[in-house]
Amino acid sequence: MSFPDLEIPDFYKLSKSPKWDPEKYLPMVYNERIKRYSEDLKQNTLSYDDFWEEMDYYCLNGIQPRFMPHFPGRNFYYTNFTKIEAMPKGGRKKVLMNPFYRDLDHWLGIEADASFKYGYGQVITKPRRVGLSEWGSGPICNYELTFFQLSKIACGAGKDDKIQEFYQKLKSSLNNTHEAYRNGRITVNDKELKLGFSDTINKQTVELGIKSLARFKTMYADTGAFEGGSYSVGIFEEIGLFENLTMSYKATEPCFRDGHTQFGIPFLYGTGGEIDKGAKGMKEIWENNETYNLKRIFIPANFYYPGDGVPDKNSKKIVSFFDHRTGVTNRKLAKKYITEERKKASKSKDTYVKHVQSYPLLPSEVFLKTKGGLLDLVKLAFQLKEI
């Protein structure tokens, strides 16, 4: 199929405008008046109901402050009403806090809304340490479980430790959701998490509430772990480590379909790895994405690159790549720094290729082969970069 052309804002250009103010997207974090008002409201009053109905509207439909691009509802919910472990500005230790605004999340939110609207999934290749597990557990899974009754989510990984890490992040996201949106638990174990509550009616225990469900499976030995189910969302975690990704995905794909109609949306994401091992299936699906009804999304390493960089030539001050005020990375400076780090790593063939795969600037750099063949892979990689 052909995927719709989406209008993605030029965040880097917008961040240079004096009207750019991402704090307007996060009123429950930065607007003290609104925060105090929400805290002073008493339940079972008209004011309380009106306020939270307005918040519900923004969570479902998004918000668009004056002079600013539309902010998707899942992003509004994620940044205003959930908390994650993150590094605050100037910090050296992670703390529990509201997610800060990132243009990367804004972009992914626009892409996710389009996937749900038009009925197709996503295969995302990315650099390391950009928070895609937090994205999958928060704006995708937490949002789906909280706002859509009886929704079912399939969460799979090729290795047990990866699915357990994702399970813990989703559980933490739900536990650290604002009390106005927090649900009870009917089931909580390492295989299943069900929201809602139980009650006794006519001496019978019944499940009530939203009754949304997430299941967690390791698919290394069981590619058909989700077969027979019906799921509104699928998460395939760290697909570069799946050694049977294509079989696992094809076995799960019917769970997202009713005949020709695709009602469930799968999200496959990961970092490149050994092409002869786990990343073989990732490469197959990436190159034949339309066969799987998956849109390709590539996140270059310099799109989001936190931390301090190199001294500025004029001021001699250390320049930060990621600006917490604007939520945008200085992509030109980050690319220069990443390229310089590659040169340092080029003394070792395997180290160089691993660095390129971990911090790709082009889609072709995700699937470099690290072993085998007669070519000097360092020279070949440099030549490919120059083409």
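Author: Let us begin with a term: buried means under 20% relative accessible area, exposed over 50%, and partly exposed in between, with a 1.4 Å probe and protein chains only. Helices (H or I, at least four residues) and strands (E, at least two) are DSSP runs, numbered from the N terminus. This is a predicted model, in which local features need pLDDT of at least 70 and side-chain atom pairs count only at pLDDT 80 or more, while totals for chains, interfaces and linings use all residues. Residues are numbered from 1 along each chain as its sequence is written, and side-chain values use heavy atoms, with hydrogens and water left out.

Reader: Which residues of α8 are buried?
Author: An α-helix has 3.6 residues a turn, so residues three or four places apart point the same way. With that in mind, the buried residues of α8 can be read off as I163, Q164, F166, Y167, L170, S173 and L174.

Reader: How many helices and strands does the protein have, and what is its radius of gyration?
Author: The secondary structure comes to 13 helices and 18 strands. The radius of gyration, taken over C-alpha atoms, is compared with a globule rule of 2.2 Å times the number of residues to the power 0.38. For 387 residues that rule gives 21 Å, so the protein is as compact as a globular protein of that length, its own value being close to this at 22 Å.

Reader: Is K295 buried or exposed, and which residues does it touch?
Author: K295 is found in strand β14, residues 294-298. Its relative accessibility is 14%, so K295 counts as buried. Contact means heavy atoms within 4.5 Å, and, leaving aside neighbours within four places in sequence, K295 is in contact with F3, P4, L6, E111, Y120, G121, Q122, V123 and N289.

Reader: Where does E238 lie, and is E238 buried or exposed?
Author: E238 lies in the loop between β10 (233-237) and α9. Although E238 is not a glycine, its phi is positive, at about 50°. Its relative accessibility is 15%, and E238 therefore counts as buried.
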